[in-house]
Amino acid sequence: MKPWITAAVSALAIAMPAVAEAPAIDFAKAARPSSGAIVLPVGKDGALHGISKDADKAAKGAIAEAIATAGFKGDAGQTLTLYGAGPYAAVLLVGTGEGLANANDLKVYGAMAAKGTSKWNAAVNVVVPDAKDVADDAAIAALGARLGTYNFGKWGKAAEESGEPKAALTFLAPDAAAARRAWEGDASAIADGVYFARDLISTPSNIKSPAWFADQVVAKFEGVNNVTVTVLDETEIEALGMGALYGTGQGSVRPPRLVAVEYKGGKAGDAPIAFVGKGITFDTGGISIKPSSNMWRMRMDMSGAAASAGAVLTLAERDAKVNAVAILALAENMPDGNAIRPGDVLTSMSGKTIEIMSTDAEGRLVLADALWWAQETYKPKLAVTIATLTGSVGGALGPDYAGLFTKDDALAETFIKAGETSGEPLWRLPLHPNTFKALRSDVADLKNGGEGAPGASVGAAFIMEWVKEETPFVHLDIAAMAWQNSGTAVDPKGAVGYGVRLFDEISRGYEAK
Ligand code: BES
Ligand code: ZN
Ligand code: MN
């Protein structure tokens, strides 16, 4: 008997929520705005430079006076709002501290500008400060504005208030046409990739089944140039011998999927880079069931898959000269009469057998098959697994860095640099030989847990057992980065879409020049 019954979809199932539109973004030539609503940068100790200084002159010193009166220090990210200063109906002052050092500072500036003006009933002109070593300042500030104003929406009564349109933002740039090109051709593609990932991650798991996730990806990429989406259903997954992916999903009435999103923007025949994402649409732990507190958050256990799909959307939208493929290992981890048990032995697609120590260590199972399939199918020149894999990584690194694992020092360097540039920081964690030893099983090739060894490293080491000799490989554990508990300027509370910006940056290094 086939284990899958058709999941009942009630007529009472919720629809997608009402979502407030992100503020419209435009660009204009940098000059002192003559009136209206404006955003101005303010330096350390309230210093006014350039257009900010000119605006203060036009306001007959009212802005400088307000800064002094309020004791506004102009620290990075600090804001002060004034109404009716000279010819300006409203002025938002955004601190830049010692000056903006890089693109990430600019994103924060743009996010603060957007958030600080979102309630205004007016079009807003945003004066953009110069950031060192950034070419397209205004487009990057706009990216920060878009990222920082993400809003998934709400159901029920709360939906009414989230439907309001926000003030349109015009970013002022020395060359408005160039800024618009940088936004439309590049920065907005990053925002779109992150938004797609955040939407998938935010969606509750009564909507988000593996099949639903696959459908969203198919729909999103319909008509996108140079992209092919392949969806393998449970029958094909079984026929390919993916016992680890299949077994993980078999406790759910909603069967697993394996999705490949292939983008060909590089040379024909050039090996792609592969982003292999964990896509557990809900992780109860299975028979090794999780405690109930915070289990709700496990709807985000598909964040690696979401980031992989989002990154390929970004690459396709900005016409990146690179070949890349996202592989999404989608399953729901549920306890049930048909679920796998601790002590069971599964056979993966590679032929390696796995003794199940905990059905809650399911991410490594689905990734083992997805990674093997990725290598067999695409022979990638770089394979990256990205997963909300272990609670342990948060214990080690907090919500400040994702864990990076690789045997390749040069790749570690490349990824850490890319993380600094993209604003998605990484810290390399160890892969001691003892960690691999801890995975030895008495009855199978491997077991899916290793006592006494560090948890995040055990997960990484397990996955590495499915990496072929010739495949350059990196594993990222994003368990503590995928969901913002409080929110930052650029990443509001909730789904982060961690990995999209990093993968975009990594891909730049592989692009044909
Ligand atoms: N999805 C969880 C990891 C996780 C924890 C993600 C907290 C985000 C926040 C993963 O499947 C899991 O359950 N890992 C276990 C591994 C253990 C059973 C070896 C863990 O971290 O406890
Ligand atoms: Zn999980
Ligand atoms: Mn788990």
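In this predicted model, the manganese ion (ligand 3) is held by D283 (OD), by D360 through both O and OD, and by E362 (OE), at 2.0 to 2.2 Å. The six donor atoms around the manganese ion (ligand 3) subtend angles of 70 to 168°, and the arrangement is therefore irregular. Along the sequence, the donor residues of the manganese ion (ligand 3) follow the spacing D-x76-D-x1-E.

The zinc ion (ligand 2) lies 3.2 Å from the manganese ion (ligand 3), and D283 bridges the two. K278 belongs to strand β9 (residues 273-283), whereas E362 sits in the loop between β12 (353-355) and α11 (363-378), so the pair ties together parts that are 84 residues apart in sequence.

The two sites are set side by side below.

| Ion | Donor distances | Donor angles | Geometry |
|---|---|---|---|
| manganese ion (ligand 3) | 2.0 to 2.2 Å | 70 to 168° | irregular |

K278 and E362 are both buried, and for E362 the relative accessible area is 1%. D360, which supplies O and OD to the manganese ion (ligand 3), counts as partly exposed because its relative accessibility is 22%, where buried would require a value under 20%.

Definitions and conventions: Residues are numbered from 1 along each chain as its sequence is written. Chains are lettered from A and ligands numbered from 1 in the order in which they are written. This is a predicted model: local features need pLDDT of at least 70, side-chain atom pairs count only at pLDDT 80 or more; totals for chains, interfaces and linings use all residues. Side-chain values use heavy atoms; hydrogens and water are left out. Helices (H or I, at least four residues) and strands (E, at least two) are DSSP runs, numbered from the N terminus. Buried means under 20% relative accessible area, exposed over 50%, partly exposed in between (1.4 Å probe, protein chains only). Donors are N, O and S atoms within 2.8 Å of the metal (3.2 Å for Na, K and Ca); water is not among the atoms, so sites may look incomplete. Four donors count as tetrahedral if all angles lie between 85 and 135 degrees; four count as square planar and six as octahedral if opposite donors are over 155 degrees apart and all others between 65 and 115; anything else is irregular.
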